[in-house]
There are 2 protein chains.
Amino acid sequence: MGLRERKKEKTARAIEEAAVRLFAERGYDATTIADIAEAAEIAPRTFFSYFPSKESVLFSDFDAKFRSLADRLAARGDADVLDAVRAWITEMLDAEGVPDQLMIARHQVIDDNEELLAFERQLTTRFEGVIAEAVAVETGLEPQDLHPRLIAAATAAGLGVLRPAPGTPEPAGLAEALEPLDDVLAFLRAGVLALDRRRQDPSRT
Amino acid sequence: MGLRERKKEKTARAIEEAAVRLFAERGYDATTIADIAEAAEIAPRTFFSYFPSKESVLFSDFDAKFRSLADRLAARGDADVLDAVRAWITEMLDAEGVPDQLMIARHQVIDDNEELLAFERQLTTRFEGVIAEAVAVETGLEPQDLHPRLIAAATAAGLGVLRPAPGTPEPAGLAEALEPLDDVLAFLRAGVLALDRRRQDPSRT
DNA sequence: CGAGAATAACGCACTGACTGCAAAAATGCG
DNA sequence: CGCATTTTTGCAGTCAGTGCGTTATTCTCG
């Protein structure tokens, strides 16, 4: 990795750090791009060559997460889709390790802002595409069919619920973070089974 | 209803109609507030005393829908939450009747725009609050607990899936529109049951 | 009907996110 | 070092959205 790329990476981190700090201090809406640029020692215009929008500075890791889920689903062989999702999540939580100050502040900023929560949800829905695709392959249906879309949407929604409700403390350890996951998966698996049954016997209630 | 209110209503409709028409013609992004104002024969500034944002002009009926769901849940007596939701949906579909030109164009505009889909989802998530509350009452849990939140999120997501995938034709009749609903409810009910079981016997897989 | 109060429409000036473009600066390479 | 490439920056502009004061309209009450 050349000097150029290392420098770019450093600048990106500086912007991110400055942005999260300012958001936490004065609030998201009360912080302007100009503020962030000044704190990160760049020109305001430069901000947008690192991040496409003000919101996106809080979700820079999303693309990597998305790709890693897609890869995992593609490489799951004949394992169950939900098993693959579970493995992906535990891996994610494991990789993140103990949340640092920046991560905590970031979550807090997001949770405090309706608009940012919506943005996060919008990102989350991108997961639905890959999940629906995987389910479609597994069931022999098309990705546009109701069942794959439903399972994907419910799974994505379930993942969203994993984040503790605002005001609740962050989970301390990995085991504690995983406990709700099993509830979510139990819920989803039961639903998936019900759909399977319905496909075999449509008259069932 | 006095002249004032009638006139306001008429203006609101005029703005809505002009906006949807222009969005359909030139696209959402290529249409400015000034364009809409001109077409609706109002001053640009006036637009914002009818709608809080450009997006919201496409979702003027949301508040009424939300209230009607909340009322129905509040007045459901000891009926099941999901039954109440089902009743609400059939009532909605019934009340809408045959979709007119404006409604069709509106859906098309929304479906064609990532940002608008996200906005719609954001609105949909407001349903989660009331649903979680109702589930909490029914189960004796708190609305912030995982199970009510999960059920509410999955239900809201399931409702979102009811809209046909982009590119698919709108359902022609009421029966056709209701068919996917039963799949969604079967999915949700199975999940709810699984959570019930888990609460009684946490060691269960 | 005719004040005058209440409410709605409007114009204006402003903020702030975001974009296109072209000049200037930094960097990498031979 | 000098040249090509990439990055940074400044500038001017668009557009959504807001605050505020003014004008026009409608309602109410005498």
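**Entry 1: ground rules.** I am working with a predicted model, in which local features need pLDDT of at least 70, side-chain atom pairs count only at pLDDT 80 or more, and totals for chains, interfaces and linings use all residues. Residues are numbered from 1 along each chain as its sequence is written, while chains are lettered from A and ligands numbered from 1 in the order in which they are written.

**Entry 2: chain A against chain B.** I looked up the contact (C-beta atoms, placed from the backbone, within 7 Å) and found 29 residues from chain B and 29 residues from chain A. On the side of chain B, helix 7 (114-139), helix 8 (146-162) and helix 9 (174-200) each supply at least two residues. Helices here are DSSP runs of H or I with at least four residues, numbered from the N terminus. Helix 9 of chain B gives the largest share of that side, 12 residues. I then sorted the side of chain B by class: 17 nonpolar, eight polar and four charged. Nonpolar means Ala, Val, Leu, Ile, Met, Phe, Trp, Tyr, Cys and Pro; charged means Asp, Glu, Lys and Arg; the others, Gly among them, are polar.

**Entry 3: a helix pair in chain B.** Helix 1 and helix 2 of chain B pack at about 125 degrees, with axes 8 Å apart. Axes are lines fitted to C-alpha atoms over the stretch in contact, and angles run from 0 to 180 degrees between N-to-C directions. The angle makes helix 1 of chain B oblique to helix 2 of chain B, oblique being what is left after under 35 (roughly parallel), over 145 (roughly antiparallel) and 65 to 115 degrees (roughly perpendicular). Among the residues that meet are B:Ala14 and B:Leu22 in helix 1 of chain B and B:Asp35 and B:Ala40 in helix 2 of chain B.

Conventions. Contact = placed C-beta atoms within 7 Å.
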